[in-house]
Amino acid sequence: MSGLLLDPWFYAAAIPAVILVGLSKGGFGGAVGFIGVPLMALAMPPVQAAAILLPILCLMDIVSVWTWWGVYDRKMLTDMMPGAVIGIGLGWLTAALVTAEMVRLIVGAVAILFVLRWVYLQMRHGAGHSAEPNRAAAAFWGTVAGFTSFVAHVGGPPFQVYALPIRPDPKVLSGTAAIFFAATNALKLIPYFALGQFDTTNLTASAVLVPLAPLSTIAGAWLVRRMRPELFYPFTYATVAVVAVKLLWDGISGLL
């Protein structure tokens, strides 16, 4: 057994990380699933944390897609997925140049502006205000989500920058996000393998944590199904705000 699996700090960091990511994958907590890599990085290098988490994310995606089967926005997916593929390709090509800290700083800044814009619109137009779907915006934010997801598993905030203002039903939003990230995470397996991230130690660590994946994902979906839209959206925007502040802090700290 590797030294990592004998380290109690690995379990102290990894178990809460997987549970929180699973709840987010189920649809509860929105972008808060970003915390997986930073939390696991308390006990290991961030790149290793991302590699260990990716197979677990793929299993969570399977459970999430099954849980929300048939409930999704087809237009949102068809508008965003081509951009996501491009973003993953860009992440692969620039893997040696772009650090996770740089990505967190950029995404955090965008997310903060996104939340402030939402607050402004709520004050000006009321809680029922929603945006219209826009193919160009969907392609752009899909590309950003694919890129940031590849580099640091932080695709949630860019996805929600586009999706949340449209205000689909919470179940439809959760189902759409499930399919979007199932596809992007599956695509990421190829470059992660090519970059040598799936060694015996990392895959063994992933296997140890796998049992937590389906249980936490199903729990997240259970919570979403029982949450009314008037509670779901303010809660989700609040989690994006918390995520944004943490991303900015981590990005600035890592670059200094």
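Visitor: Where is the place of Ile-62?

Guide: Ile-62 sits in helix H4. Keep in mind that we're looking at a predicted model.

Visitor: Is Ile-62 buried or exposed?

Guide: Look at relative accessibility: a residue over 50% is called exposed. Ile-62 comes out at 57%, so it counts as exposed.

Visitor: And how far is Ile-62 from Met-44?

Guide: Those two are 18 residues apart along the chain, and their C-alpha atoms are separated by 26 Å.

Visitor: Okay, how do I read two packed helices?

Guide: You describe them by the angle between their axes and the distance between the axes. Here, H4 and H9 pack at about 145°, and their axes are 9 Å apart. The crossing of H4 past H9 is left-handed.

Visitor: Which residues make that contact?

Guide: From H4, they include Leu-54, Leu-57 and Asp-61, while H9 brings in Phe-181, Asn-185 and Lys-188, among others. Sort the contact residues by kind and you get 13 nonpolar, 2 polar and 2 charged.

Visitor: What about H2, how many residues does it have?

Guide: H2 covers residues 8-25, which is 18 residues. From first C-alpha to last it reaches 26 Å, close to the 26 Å expected at 1.5 Å a residue.

Visitor: What caps the N-terminal end of H2?

Guide: That's Asp-7, with a side-chain oxygen 3.0 Å from the backbone nitrogen of Trp-9.

Visitor: Which residues of H2 are buried, and which helices do they pack against?

Guide: Among the buried ones are Phe-10, Val-18, Val-21 and Lys-25. The buried residues of H2 pack against several helices, including H4 (46-67) and H9 (170-194).

Conventions: Residues are numbered from 1 along each chain as its sequence is written. This is a predicted model: local features need pLDDT of at least 70, side-chain atom pairs count only at pLDDT 80 or more; totals for chains, interfaces and linings use all residues. Side-chain values use heavy atoms; hydrogens and water are left out. Helices (H or I, at least four residues) and strands (E, at least two) are DSSP runs, numbered from the N terminus. The expected span of a helix is 1.5 Å times one less than its number of residues. Buried means under 20% relative accessible area, exposed over 50%, partly exposed in between (1.4 Å probe, protein chains only). Contact means heavy atoms within 4.5 Å. A polar contact is a pair of N or O atoms within 3.5 Å; within protein, one must be able to donate a hydrogen and the other to accept it, and residues adjacent in sequence count only if both atoms are side-chain atoms. Axes are lines fitted to C-alpha atoms, for helices over the stretch in contact, and angles run from 0 to 180 degrees between N-to-C directions. A crossing is left-handed if the near helix is turned anticlockwise from the far one by less than a right angle, and right-handed if clockwise. Ala, Val, Leu, Ile, Met, Phe, Trp, Tyr, Cys and Pro count as nonpolar, Asp, Glu, Lys and Arg as charged, and the others, Gly among them, as polar.
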